[in-house]
Amino acid sequence: MSEHGLLVSAPGKVILHGEHAVVHGKAALAVALGLRTFLRLRPGGGERLRIHLPGVGVRREWDVAELSALRGRLTADFDESKSPGVEQLDVLKEFAGIAADASAPDSLAILAFLYMCLAISAKYGDVPSVDIAVWSELPTGAGLGSSAAYAVCLAAALLHACRAISCPLKDGEATARWPEEEMSLINSWAFQGERVIHGNPSGVDNAVGTWGGALRYQSGKITSLKRVPTLRILLTNTKVPRSTKVLVAGVKEKILKFPAIMNPVLDSIDAISQECQSVLEAMPTNPSPEYYPVLEELFDINQHHLNVIGVGHPSLDRLCRVTASHGLHSKLTGAGGGGCGITLLPPDATPLAVEAAKRDLCACGCAEHCDILG
């Protein structure tokens, strides 16, 4: 690491299909966004570890020796394949002055940072004396993978600071990617950060944050989708905050209560993902407009399924009604319960219709920003 430090970034994501079902072994299709999270890593001074998160109002620092002593108290073998222990997290919460039931973004961001720092340094060396600043273009709690992009940036920076991975930049280069083996290591540790924040995440968000592009994720297996067409998507933020952890737990409770009812719904969501993948992979070689009505129907069916499993919200229903009045089809993306919705914009969607839909969305207060992505 040079005296100027290292700048790392990771993209957010939208899930086209497979939300929540992916936690239960079904397939999910996800694509990276142009919106990113950035991290700057600089050598520290005075044997201190500092982190600055301006987006959530965090500026904290600790003595490196104090953190090393804390790491010794946790008495556990840290590994990228092992879930963070409840006892470990309780100790870290007490150390950082975080309430036991804290769920605010600033508290979870600090907790994830401390866990990842101590776990990675325990495996690869000393607690690093560095200054870390993280900022983002992604809104928090909106289903766009903001926490995963944060965890990916942290994993890359801390692994680099502990000399577990190389610096991929060559002389004269402005940007670079790590080799595949090191990307896999970054992804594994980012998943641990996501576990601290969300409890039982699927792993799809950190996979998109690490590799970018479009991918299919199922039971830990990541498959990059090749030659997928660029889709025009209207992204709408309802501005309704929600907790992914609470929503995931609610779906699990409903499945346990009504397994004969809920499991077929999950199977149907899985079939939607499979059908969508088939359509997307067929489109580049046969650019027929007939594909878009199929994609629109899949959006509609999946949105109904997501309401059935309990992750809908009145703000999302309103979003779907508003866009439907302009002939457009929408669904939630991510955890639901608010957050963001995506609207498919087929090639025959006129600029006037899109602008009218955006105007109506903003007028009804359910959109902080509406952007066409893709």
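## Helix α6 and its surroundings

Helix α6 is followed by Gly 212, a residue with a positive phi, near 70°. Helices and strands are DSSP runs numbered from the N terminus (H or I over at least four residues for helices, E over at least two for strands). The model is predicted: local features need pLDDT of at least 70 and side-chain atom pairs count only at pLDDT 80 or more, while totals for chains, interfaces and linings use all residues. Residues are numbered from 1 along each chain as its sequence is written, and side-chain values use heavy atoms, leaving out hydrogens and water.

Helix α6 spans residues 204–211 and is mostly covered, with 8 of its 8 residues buried. Buried means under 20% relative accessible area, exposed means over 50%, and partly exposed is in between (1.4 Å probe, protein chains only). The buried residues of α6 are Val 204, Asp 205, Asn 206, Ala 207, Val 208, Gly 209, Thr 210 and Trp 211. Their cover includes the strands β1 (6–17), β2 (28–43), β6 (214–218) and β7 (221–224), along with the helices α4 (146–161) and α5 (180–198).

Ser 146 is found in helix α4. Ser 146 counts as buried because its relative accessibility is 16%. Leaving aside neighbours within four places in sequence, Ser 146 is in contact (heavy atoms within 4.5 Å) with Thr 37, Leu 138, Pro 139, Thr 140 and Gly 141.

Helix α5 also packs against helix α3 (residues 105–124), at an angle of about 140° and with axes 9 Å apart. That angle makes α3 oblique to α5. Axes are lines fitted to C-alpha atoms, for helices over the stretch in contact, and angles run from 0 to 180 degrees between N-to-C directions. Angles under 35 degrees count as roughly parallel, over 145 as roughly antiparallel, 65 to 115 as roughly perpendicular and the rest as oblique.

The residues of α3 that meet α5 are Leu 108, Leu 111, Ala 112, Tyr 115, Met 116, Ala 119, Ile 120, Lys 123 and Tyr 124; on the α5 side they are Leu 185, Trp 189, Ala 190, Gln 192, Gly 193, Val 196 and Ile 197. By class, this contact has 13 nonpolar, 2 polar and 1 charged residues. Ala, Val, Leu, Ile, Met, Phe, Trp, Tyr, Cys and Pro count as nonpolar, Asp, Glu, Lys and Arg as charged, and the others, Gly among them, as polar.

Helix α1 (residues 64–73) and α3 have axes that come within 10 Å and cross at roughly 80°. This makes α1 roughly perpendicular to α3. Leu 67, Leu 70 and Arg 71 of α1 make the contact with Leu 114, Leu 118, Ser 121 and Ala 122 of α3. Here the classes are 5 nonpolar, 1 polar and 1 charged residues.

UniProt, in an unreviewed entry, lists the two domains below. The positions are given in the numbering used here, feature names are shortened, and annotations may be inferred rather than shown by experiment.

| UniProt domain | Residues | Helix and strand | End C-alpha atoms |
|---|---|---|---|
| GHMP kinase N-terminal | residues 117–209 | 53% helix, 8% strand | 19 Å apart |
| GHMP kinase C-terminal | residues 298–354 | 46% helix, 18% strand | 20 Å apart |

His 326 has its place in the loop between α10 (314–324) and β9 (329–333). At 23% relative accessibility, His 326 counts as partly exposed. Not counting residues up to four places away in sequence, His 326 touches Ala 353, Ala 356, Ala 357 and Asp 360. The C-alpha atoms of His 326 and Asp 360 are separated by 9.7 Å, and these residues are 34 residues apart along the chain.
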